[in-house]
Amino acid sequence: MIAIEEIEQLSATNLGNITVLAGDDLGQYSEIKQKLFERVGFDKSDLLYSYFDLSEDDYLVAEMDLESLPFLSDYKIVILDNFLDITTSKKNYLEEESLKRFETYLENPVATTRLILCAPGKLDGKRRLVKLLKRDAKVIEATVVKEAELKAYFQRYAHKEGLHFENGAFEDLLIKSNYDYSAIQKNLAFLISYKKTDNISSADIATAIPKTLQDNIFDLTQLVILGRVDESFALTHDLRLQGEDDIKLIAVMLGQFRTFLQVKLLFEQGKNESQITSDLSYYLGRKVNPYQVRYALRDARTLSISFLKFALKRLIETDEAIKRGSADKEYLFDKVLLQLITYQA
């Protein structure tokens with residue numbers, strides 16, 4: 001069961017004494033946090049609820065609410081938001097004394113208080129607080145969902161909304177959304193408004209879901225790799241008409257070619273897809289989307305390391321030249337595109 005399905009089973013009446021919502025998939029985390037608030041009927045004006053943002057509010061004030069009795073009700077719901085002190089985040093809001101007081105509360109929580117902790121980030125399993133919470137609380141974590149679970153959940157979701165996908169179209173939706181929970185949710189909303197109830201084809205997905213800058217730069221990169229000069233410059237022209245700056249185009253292309261080179265080098269060291277994802281996450285200091293690695297491996301398969309190094313070098317040099325103002329930026333960008341298209345080892 002994925003996090004959103006766990007949230008859908010909660011309500012104000014079946015909450016336990018302590019519920020923890022955390023997760024390092026921040027897009028999914030934001031979505032299910034909103035859903036959690038809806039499920040428990042959160043209303044700032046209702047005396048049943050108390051809300052404290054620990055990035056702004058003093059914990060000692062929140063503590064008084066935690067320990068006070070409910071007003072004209074059998075229970076009260078207290079929400080402590082941005083509780084980063086239980087995550088691996090370097091940013092903390094509570095002082096040591098406050099953390100000790102909270103730990104004391106966890107050892108003997110008030111029976112009439114329903115506490116919800118919202119912690120954007122990965123739970124720090126080494127902390128005593130986290131160990132206590134995992135022992136005594138209901139913990140829901142928004143982490144990257146496995147492909148099979150992601151597909152199954154959104155297939156059920158689409159079916160409830162009356163959408164039926166033609167052969168291959170649902171896979172196209174997942175690829176278009178980079179297998180990202182929030183992107184799939186958003187793109188399904190586009191499809192629902194576009195076609196309501198009907199069969200969805202791959203053509204519908206291409207028409208209804210707007211292209212992102214990343215999509216357009218990916219297309220441009222593919223055209224460059226395939227040596228299609230006229231189409232490369234036509235797409236560049238269209239992007240400029242849409243208001244995209246050449247420096248931004250270079251930045252996104254740099255990111256794509258850098259990823260190609262990274263996965264290519266690791267693959268040639270004998271690493272598999274899972275190991276490459278793990279290594280990149282460690283080197284970059286952030287969680288890398290495994291599907292990004294999968295498609296980078298596919299797209300970099302026919303590219304040589306010498307070409308990828310050349311592409312990165314020339315894009316970096318062009319970026320510096322534009323920022324120095326050594327020549328017209330459109331001329332410099334068009335020049336580097338031509339150099340990449342005509343590259344010969």
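A: Happy to! Helices (H or I, at least four residues) and strands (E, at least two) are DSSP runs, numbered from the N terminus. Counted that way, the protein chain has 16 helices and seven strands. This is a predicted model, in which local features need pLDDT of at least 70 and side-chain atom pairs count only at pLDDT 80 or more, while totals for chains, interfaces and linings use all residues. Residues are numbered from 1 along each chain as its sequence is written, and side-chain values use heavy atoms, with hydrogens and water left out.

Now to the sheet. Five strands form an open sheet in the order β2-β3-β4-β1-β5, with parallel pairing; two strands pair if DSSP finds at least two bridges between them. At the edges sit β2 (49-53) and β5 (138-141), each of which pairs on one side only. On average, neighbouring strands of this sheet are turned by 15° against each other, direction ignored. For such angles, axes are lines fitted to C-alpha atoms, for helices over the stretch in contact, and the values run from 0 to 180 degrees between N-to-C directions.

Five bridges link β2 in the parallel sense to β3 (residues 76-81), and D53 has D81 of β3 as its bridge partner. Helix α3 (residues 59-67) packs on the sheet here, touching β2, β3 and β4 (113-120), and its direction makes about 160° with that of β3. Contact means heavy atoms within 4.5 Å. Helix α5 (residues 128-136) also packs on the sheet: its touching partners are β1 (18-23), β4 and β5, and its direction makes about 110° with that of β5.

Next comes β1, which pairs with β4 in the parallel sense over six bridges; among the residues involved, L21 has C118 of β4 as its bridge partner.

How covered is β1? Six of its six residues are buried, where buried means under 20% relative accessible area, exposed over 50%, and partly exposed in between (1.4 Å probe, protein chains only). In a regular strand the side chains alternate between the two faces of the sheet. For β1, I18, V20 and A22 are buried on one side, and T19, L21 and G23 are buried on the other. For comparison with the whole, 46% of the 345 residues of the protein chain count as buried.
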